[in-house]
Amino acid sequence: MAAKPTALVVVAHHRADSLTAHIGGVAAARLEKAGYAVDLLDLRAEGFDPRMTVADQPDWNDRDKVYSPEVQSHMDRILAAELIVPVFPVYWNSAPALLKGWIDRVWNYGFAYGRSKPRLAGKRMLWLGLAGAVQDDDFAPWMKETLDRVLREGVSFYNGITEASLEVLYDVEGEPQYVDAEGNFTKGEALTGQARLSHYEALDRQAAEYVAKLVSA
Ligand SMILES: Cc1cc2nc3c(=O)[nH]c(=O)nc-3n(C[C@H](O)[C@H](O)[C@H](O)COP(=O)(O)O)c2cc1C
């Protein structure tokens, strides 16, 4: 029997009981259902330190630099994967430090970029962000566009992964917050009871649908 293709799910959250970790599990389950062997990389559980180190800083004169054993093992996991799915909370319209540092240290010169034939070409990616913003907030479109530029274009495309998408799950707190045109902060009603349950079920379904789209692309 042919070996199953691998999907790498990267969970970037500092709490094991976070919604982000839960959605990472939803993504992993959907990938397994589609016939993938899932490599679940929980950056917190594995003690990944996002701070750049001298050992992992690029040497622009040496594309073949040997990075730290920890980073090398992450590179091997990326290479082994056909699909890569980072799941993360949106922090200040960007990736949280834990994920940003993973990209900084692991998606490195000579490995992910810096070669005329990119090693990661042919892989497919879904960046799945969780945001407190509600979808009809004025901020929402440019927040998504900013994330898309930075992560899909700036990281995936720059590193030779042309088939990538970025999706956002909105209103993940179930309690809207707005800043109006005058800069005033307002909090809306928090969802309760059945409405709250239905909201989180819908987020699970939405996450699974985004993964299904990646699988069938
Ligand atoms: C430091 C920080 C910055 C945040 N910045 C944003 C933001 O720019 N846009 C947004 O929609 N939500 C923002 N949020 C809300 C988070 O995206 C939301 O709380 C998180 O995705 C919830 O998932 P979790 O329960 O797994 O932490 C921010 C939260 C924190 C803690």
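**Ligand site and aromatic pairs**

The shell around the ligand consists of 10 nonpolar residues, five polar ones and one charged; Ala, Val, Leu, Ile, Met, Phe, Trp, Tyr, Cys and Pro count as nonpolar, Asp, Glu, Lys and Arg as charged, and the others, Gly among them, as polar. This is a predicted model, in which local features need pLDDT of at least 70 and side-chain atom pairs count only at pLDDT 80 or more, while totals for chains, interfaces and linings use all residues. Residues are numbered from 1 along each chain as its sequence is written, and side-chain values use heavy atoms, with hydrogens and water left out.

- Of the 16 residues around the ligand (a heavy atom within 4 Å), H13, T20, W92, N93 and E173 come nearest.

- A polar backbone atom of W92 is 2.8 Å from a ligand nitrogen (a polar contact is a pair of N or O atoms within 3.5 Å).
- Oxygen atoms of the ligand lie 2.9 Å from a backbone N or O atom of A133 and 3.2 Å from one of L19.
- The protein covers 73% of the 630 Å² of accessible area that the ligand has on its own (Shrake-Rupley method, 1.4 Å probe).

Aromatic pairs
- There are five aromatic pairs, counted when ring centres of Phe, Tyr or Trp (its six-membered ring) lie within 6.5 Å.
- Y113 and Y158 form a tilted pair, 5.7 Å centre to centre with 50° between the planes; planes under 30 degrees apart count as stacked, over 60 as edge-to-face and the rest as tilted.

Key: Polar contact = N/O pair within 3.5 Å; in protein donor to acceptor, adjacent residues only side chain to side chain.
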